[in-house]
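The entries follow the order in which I went through them.

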Amino acid sequence: MTFTASLRTTSMPPKALRTLANTNNARFLSTSSLASLARPCQIIAPATTVRIRQETSASLQQPHQNQIRAFSLFGSGASKPDMGRIPKEVKNDIPEVLLHESHPLPMRDEFMGKKRLSTKDLEAIPIDLGFHREPSGVSDWVAYQVVKSLRIPVDLFFRTKYIHRVVALETVAAVPGMVAGMLRHLRSLRRCTHDGGWISHLLHEAENERMHLLTWMKVAQPSLFERAMVTAVQGVFFNVFFALYMISDKTAHRVVGYLEEQAVVSYTHMLDEIATGVLENGPAPKIAIDYWNLEETATIRDVCLAIRLDESVHMHTNHHLSDRIALKHEDLRQDIQKLQEERGMVPSQNAEEVWSKPNKY
Ligand SMILES: [Fe+2]
Ligand SMILES: [Fe+2]
């Protein structure tokens, strides 16, 4: 999702964008982040114009009707304002349509096509199920140990209450993107420099995680005690992650990368439990059908497949962002694949083994 204010100052040649989008890691960045970097310098004249628009690249599928979001005081969806309709007086109200019809956008292109996705479609979307990033260096090792130790209390508390477990985890998962986005936003203001394309992506990630939470809340109602625990954990986690990001943003993104590796494995196990009948495969909540553009007959299993695909994006993105900080190439327009290879920043393929022990969740 791209919020276009009155002035945009970045530009990126289409060829360079293609190179970035084709690199192994950059493909996991949200395409809207890339598109925002690619958009040429332009001035959107009236300061009262508010535009939220989706991917404009011709190579992507057109979104279905519910997902088209382009609003302005001068008409919706038009690429140029209709000059004949420009009001004579400045009007600073938020357009009503924006207040009532603005919905979160999914993170992956696959969920933004015209056609609603069936189970087969979801299963056909490629995903790196075996991906695990070996820690390299002290910072990575610390991140890895932190995430491993975090599992112990979670496993003890929730055991096999899968839905309750994911509700609690998603409340935590939605924190890092917001904290990181906020801190980079403040840094950009302090230094008066461009953020390199990070902020919109990080905030989008936080929103995506919140949608995971809202979806599961429709499936399981947490008890009062669990809600109290979530509040307490959020209070602690927010501050700890904030402090960690201030001390070492590289480690912080690596921590999130490892958390997301675990999330992919956890959702895989949840799918196994649905397949064996341990978990009931009921109908998907409407919020999930709308958000991931699923068929009306979608099930909880379809929701798990969709969320696991999201978690895979977060996993690759956060490892990639940590690599960028380590390589001192934070501008997302710079291709770092060669540097990553030279520094041996390559994944191994044993995530299942790493994250399935000692308990299988
Ligand atoms: Fe999530
Ligand atoms: Fe995630």
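This is a predicted model: local features need pLDDT of at least 70, side-chain atom pairs count only at pLDDT 80 or more; totals for chains, interfaces and linings use all residues.

Residues are numbered from 1 along each chain as its sequence is written, and chains are lettered from A and ligands numbered from 1 in the order in which they are written.

**Entry on M178.** I looked up M178, which is found in helix 6 (helices are DSSP runs of H or I with at least four residues, numbered from the N terminus). M178 is partly exposed, because 18 other C-beta atoms lie within 10 Å. Leaving aside neighbours within four places in sequence, M178 is in contact with L203 and A206, where contact means C-beta atoms, placed from the backbone, within 7 Å. I also checked F242, 64 residues apart from M178 along the chain, and found their C-alpha atoms separated by 10.0 Å.

**Entry on helix 6 and helix 9.** How do these two helices cross? The axes of helix 6 (residues 162–191) and helix 9 (residues 249–275) come within 11 Å and cross at roughly 155°; axes are lines fitted to C-alpha atoms over the stretch in contact, and angles run from 0 to 180 degrees between N-to-C directions. The two helices are therefore roughly antiparallel to each other, a label given to angles over 145 degrees. On the helix 6 side the contact is made by Y162, A173, P176 and A180, and on the helix 9 side by A252, V256, L259, A263, M270 and E273.

**Entry on helix 9 and helix 11.** I then found helix 9 and helix 11 packing at an angle of about 160°, with axes 8 Å apart, which makes helix 9 roughly antiparallel to helix 11.

**Entry on the core.** The largest nonpolar core has 53 residues, and A284, A288, W292, L294, V303, C304 and A306 have the most contacts inside it; such a core is a set of buried Ala, Val, Leu, Ile, Met, Phe, Trp, Tyr and Cys residues joined through C-beta atoms within 7 Å. Helix 6 gives the most to this core, with 11 residues. Leaving aside neighbours within four places in sequence, I list for A284 contacts with I289, L294, A298, T299, I300, D302 and V303.

Notes:
Angles under 35 degrees count as roughly parallel, over 145 as roughly antiparallel, 65 to 115 as roughly perpendicular and the rest as oblique. Two residues are in contact if their C-beta atoms, placed from the backbone, lie within 7 Å. A residue is buried if 20 or more other C-beta atoms lie within 10 Å of its own, exposed if 12 or fewer, and partly exposed in between; C-beta atoms are placed from the backbone.
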